[in-house]
Amino acid sequence: MSGFSPDWLALREPADHAARDAGLVSALARALPEPVRAVDLGCGTGSNLRALAPHLGPRQDWVLVDHDPALLSAARLRLAAWAEGTEAAGDGLILHRGGARIAVRFRALDLAADPAAALVGRPDLVTAAALFDLASERWIAAVAEAVAGAGAVFYTALTYDGQERWAPPHPADAAIHAAFLAHQAGDKGFGPAAGPGATAALETAFRSHGYAVETAASPWRLGSDAAALRHPLAEGTARAAQETGRVGAAEAAAWMTARLAPGTEAVIGHRDLLALPARGVASSGR
């Protein structure tokens, strides 16, 4: 899987948390048992846990899974800083925040090889954020099969949906966007990426296992005051578009320069998805 730096993940975290659909988070919380056992796929630096844990009750047990040991180390540090109190627990942590006791274990694992290997101990919840647009439809189907086999609830947030609006308009907008979407379809380590089709692939896969599925929009809304995130986003978009060969260096550079200008705004589309097994509530086995 293509890597992401801890700095980039930290930069996008406030926008990610603001964009999540609150209704799906509430529905997720109602569907889970207490205590809850969760597995976070492609956890990065733990942003998904920080977004969800305040909604999931006083006793939680998380396994954070990522292929990159450096990101797992960053997750440990950032979660400790986020918590109001921390205890060591073997090679994991016990976090205390807002009256909740959150046990966290960290697991380095190449999810591309076998996503089912991450789902040890029959979790109640399997979750991820900003992951599935990077994955192939075949891998998405394998995740759905593994989750259904565990009887778990599934929730994912911030899957890119291909919708972008930049303002003010620029003559190269359409060409840059088309090239970026072509780049998005490349292999990011999980086979040819589903890109903007990932949410539809997830919905199809989970419905095939009898799950009830609901989705909701979760766009980034980056105003003129969001330059710290908007600037590297524009730079990365222009670079990816140019790498496809569909736009030239001069066109990509002109577009990027315009998008770095003061007053630029952007809306970047994502979707969240909640999939509940037929019984509606995960079985804790306890």
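The following legends describe an overall view and several close-up views of a predicted protein model.

**Figure 1. Overall dimensions and composition of the predicted model.** Residue numbers start from 1 along each chain as its sequence is written. Because the model is predicted, local features need pLDDT of at least 70, side-chain atom pairs count only at pLDDT 80 or more, and totals for chains, interfaces and linings use all residues, while side-chain values use heavy atoms, with hydrogens and water left out. The protein contains nine helices and 10 strands; these are DSSP runs, with helices (H or I) of at least four residues and strands (E) of at least two, numbered from the N terminus. Along the principal axes, the C-alpha atoms occupy a box of roughly 60 × 40 × 30 Å.

Figure 2. Of the 286 residues, 51% count as buried, where buried means under 20% relative accessible area, exposed over 50%, and partly exposed in between (1.4 Å probe, protein chains only). Among contacts with a separation of 6 or more, 78% link residues 24 or more positions apart; a contact means heavy atoms within 4.5 Å. The mean positions of the 25 positive and 30 negative charges lie 4 Å apart. Lys and Arg count as positive and Asp and Glu as negative, without His and the chain ends, and each charge is placed at NZ of Lys, CZ of Arg, CG of Asp or CD of Glu.

Figure 3. Strand E5 (residues 100-108) runs parallel to strand E2 (residues 59-66), to which eight bridges join it; strands pair if DSSP finds at least two bridges between them. Asp 66 has Ala 108 of E5 as its bridge partner. Strand E4 (residues 92-97) is antiparallel to E5 and is joined to E5 by five bridges. Arg 97 stands opposite Ala 100 in E5. Two residues separate E4 and E5 in their hairpin, and Gly 98 in the turn has a positive phi of about 60 degrees.

Figure 4. Glu 13 lies in helix H1 (residues 6-19). This residue counts as buried because its relative accessibility is 14%. Leaving aside residues up to four places away in sequence, Glu 13 touches Ser 47 and Arg 50.

Figure 5. The bond between Glu 34 and Pro 35 is cis, with omega of about -5 degrees. Pro 35 is placed in the loop between helix H2 (22-31) and strand E1 (36-41). Ala 167 and Pro 168 are also joined by a cis peptide bond, with omega of about 0 degrees. Pro 168 belongs to the loop between strand E7 (153-167) and helix H6 (173-184).

Figure 6. Ala 130, although not a glycine, has a positive phi of about 50 degrees. Ala 130 is in the loop between strand E6 (125-129) and helix H5 (137-150) and counts as partly exposed at 24% relative accessibility. Leu 158, found in strand E7, has a positive phi near 65 degrees. With a relative accessible area of 2%, Leu 158 is buried.
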